[in-house]
Amino acid sequence: MSVATSQIKLTPERSRPSVRSRLQDALPKIVLAPSFAITIVFVYGFILWTIYLSFTNSKTFPSYVITGPRAYQRLWGWTFDSDPPSSWYTSIVNMGIFGFLYIAICLALGLFLAILLDQKIRGEGVLRPIYLYPMALSFIVTGVAWKWFLDPGLGLEQTLHQWGWTSFHFDWIKNKDFVIYTVVIAGVWQASGFIMAMFLAGLRGIDGEIMKAAQIDGATTFQLYRRIVIPLLRPIFLSAFIVLAHLAIKSYDLVVALTSGGPGGSAWLPSNFMYEYTFKRNEMAVGSASAVIMLMTIVAIIVPYLYSELREKPR
Amino acid sequence: MLRKLLIGTALATTFAFSAHAEDVKEVQMLHWWTSGGEAAALNVLKGDLAKEGYAWKDVPVAGGGGDAAMTALKAMVAAGNYPTASQMLGYTVLDYAAAGVMGDLTETAKKEGWDKSVPAALQKFSVYDGKWVAAPVNVHSVNWLWINKAVMDKIGGAEPKTFDDFVALLDKAKAAGVIPLALGGQNWQEATMFDSVVLSTGGPEFYKKAFNDLDDASLKSDTMKKSFDNLAKLVTYVDPNFSGRDWNLATAMVIKGDALVQVMGDWAKGEFHAANKTPGTDFLCYRFPGTDGSVIYNSDMFGMFNVPDDRKAAQVALATATLSKSFQSAFNVVKGSVPARTDVPDTDFDACGKKGIADLKAANDGGTLFGSLAQGYGAPPAVANAYKDVVSKFVHGQIKTSDEAVTELVKAIDDAK
């Protein structure tokens, strides 16, 4: 560094821009370095650590003696334990149901609401935050509010009974076969407004000239959306999908707050399984193995999708 | 430059030292007793320690519940930063002791005579490898019935002495249009009730063999099958909305007279007290029918960590105060449990508490004091949770018959062992 400074003094007019430009080149790297290092250690480092733990016999505390893939063998055995369902079987089946419905309904509902709001209606400024507001709540609050609303003895059913509709019956939250769908309802309620906002931003970004051109060519409104608007929204679909997918896989607190695990553990998701086994049952190896399997599943879904979407980028 | 550095170091050392000196006179305590009654009960202990010149410092836990506290404790211990003591349950104490992080209170124990006054069954968890590592705070017992007296009088019921009596009583309540049995459909509540059902169906010997020794033959026996059948019978008396309900809401149903009876540990008494109800006139406490003379227990303990020598005096003071007769009486009167030593006078306790103290003493003398499997005092957490899974799946219908339940129970416990 001192050598560099002395050079500056000798030939100021030539080397000043070079040092400056070198600094400018390096600045992003310097600024990013701490967060890069933190990510390497605390995300990727701990992923590797978790993978390592899943091959040990860790119980209450981490143990560093590799004992082979016994945790995976146990999980594999549980994967096919459907009658009566093992906790792991329940978790992955629920993940499938919840993940698919949550993402699909949020995308469909979000797009639908965005299109309706985009019709230059009055009071949009009031309506938009109303839909968006649930996203500002934590999952715990959402879970507790819906728990009370869906409870047949407290919420919707009780109210309708008091109003005179006594044949009304809605006890999904107490039913082992349907409880996972109540998690979908609460999750969709929370996230669809946010997805709507994303689509709305996308719709606003579409060039009005294209729409006008299509209308002049005689496209009906349906055709307009089907053939032009929705294809143009493709990047928004990607972002929305990624936001929703990670929310779906992270969902832990919603299940706990809404169902406390459901009747006989029937609302568990893999994240609940992971927490239960690692921290409550002192089977850290099994918990780690389930976390690794969750990671692999996400990678298997997200990577091909990202690849197919981002491949055409350099246009 | 060097001078500055030296001064800096000196200053830092002084600060560190003075901070240290405060540490020595401080009890750092990790616990999750934050709700009204429990916090008030703990204030007694804080006062006792303050008299001896020790300050109390709560180790903050985000989230409140026991699970969050245990996760926080795990992180603290992994970082080598031990609290003076932590509230702990059952096998957790032994796990930490096996990991070599617990202190040694044997000297204090000898001086205070804990060996003789603390029930032997509890010492299984507070003594590791011949060394005292934890101070038990209380003994809860699980095999209780909590009955609303007004409802009981209305239906003309009497104390059930056998399981069949109990079913007859529930039938009476059903006929009178009251919810017979208040149950919260969460796995630990169902399993807690099943603990009592097994003790009632199979007797003390059987309970010990099956749920403390995990004896295979007992687990798959016909008696266990019968116990599951009895559980199924009880579940027919709950209301349709029971699933997922918190235990204190189930207790509230009994307090309000919507339901006749709840099977729950004696922490339920705290709810009755909070609602200003008195035992004998507003509510009744009976042992679960067919379990009189035996006690299924769980216990809160203060696990004592292996702190540096200069902090040991504070730890000893904490342990001594915790097991002092005056604190044991004052704390447990409020908490609803009974003292963890059998020589505490019962004068301040209500009728249920007096019965609890007498029962504990009798069970301790007669060898019928057993750890609750549902509460983690019968077997390590992996097994206890596997057991809760099976019971809960049976209650909610994923497991359909008692035959299947027994097979699953044996399989799950073997797998978790």
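**Chains A and B, talked through**

Modeller: Reading chain A of this predicted model from the N terminus on, the elements run α-α-α-α-α-α-α-α-α-α-α-α-α-α.

Colleague: OK, and how many helices and strands does that come to for chain A?

Modeller: The secondary structure of chain A comes to 14 helices and zero strands.

Colleague: What share of chain A counts as buried?

Modeller: Of its 315 residues, 31% count as buried. As for contacts within chain A, if one takes those with a separation of 6 or more, 65% of them are between residues 24 or more positions apart.

Colleague: Switching to the chain–chain contact, how many residues does each side put in?

Modeller: Chain A gives 21 residues to the contact and chain B gives 23. On the side of chain A that touches chain B, the classes are six nonpolar, nine polar and six charged residues.

Colleague: Now chain B, how is that one divided?

Modeller: There are two domains in chain B, with domain 1 covering 26–139 + 298–364 and domain 2 covering 141–297 + 367–416. Their centres, taken over C-alpha atoms, are separated by 27 Å, and the contact between the two takes 22 residues from domain 1 of chain B and 23 residues from domain 2 of chain B.

Colleague: Which element supplies the largest share on the domain 1 side?

Modeller: That is helix α17 (residues 351–366) of chain B, which supplies nine residues of the side of domain 1 that touches domain 2. By class, this side of domain 1 of chain B divides into ten nonpolar, eight polar and four charged residues.

Colleague: And the largest nonpolar core, which residues touch the most other members there?

Modeller: Trp146(B), Met304(B) and Tyr387(B) do, in a core of 128 residues. This core draws at least three residues from each of domain 1 and domain 2 of chain B.

Colleague: Take Tyr387(B), what does it touch?

Modeller: Leaving aside residues up to four places away in sequence, Tyr387(B) touches Ala191(B), Leu373(B), Leu409(B) and Ile413(B).

Colleague: What about another core, which residues are among its members?

Modeller: Another core, of 56 residues, lies apart from the largest one, and its members include Ile103(A), Val184(A), Val286(A) and Val292(A).

Notes. Residues are numbered from 1 along each chain as its sequence is written. Chains are lettered from A and ligands numbered from 1 in the order in which they are written. This is a predicted model: local features need pLDDT of at least 70, side-chain atom pairs count only at pLDDT 80 or more; totals for chains, interfaces and linings use all residues. Domain bounds come from an automatic or database domain assignment. Two residues are in contact if their C-beta atoms, placed from the backbone, lie within 7 Å. Helices (H or I, at least four residues) and strands (E, at least two) are DSSP runs, numbered from the N terminus. Ala, Val, Leu, Ile, Met, Phe, Trp, Tyr, Cys and Pro count as nonpolar, Asp, Glu, Lys and Arg as charged, and the others, Gly among them, as polar. A residue is buried if 20 or more other C-beta atoms lie within 10 Å of its own, exposed if 12 or fewer, and partly exposed in between; C-beta atoms are placed from the backbone. A nonpolar core is a set of buried Ala, Val, Leu, Ile, Met, Phe, Trp, Tyr and Cys residues joined through C-beta atoms within 7 Å.
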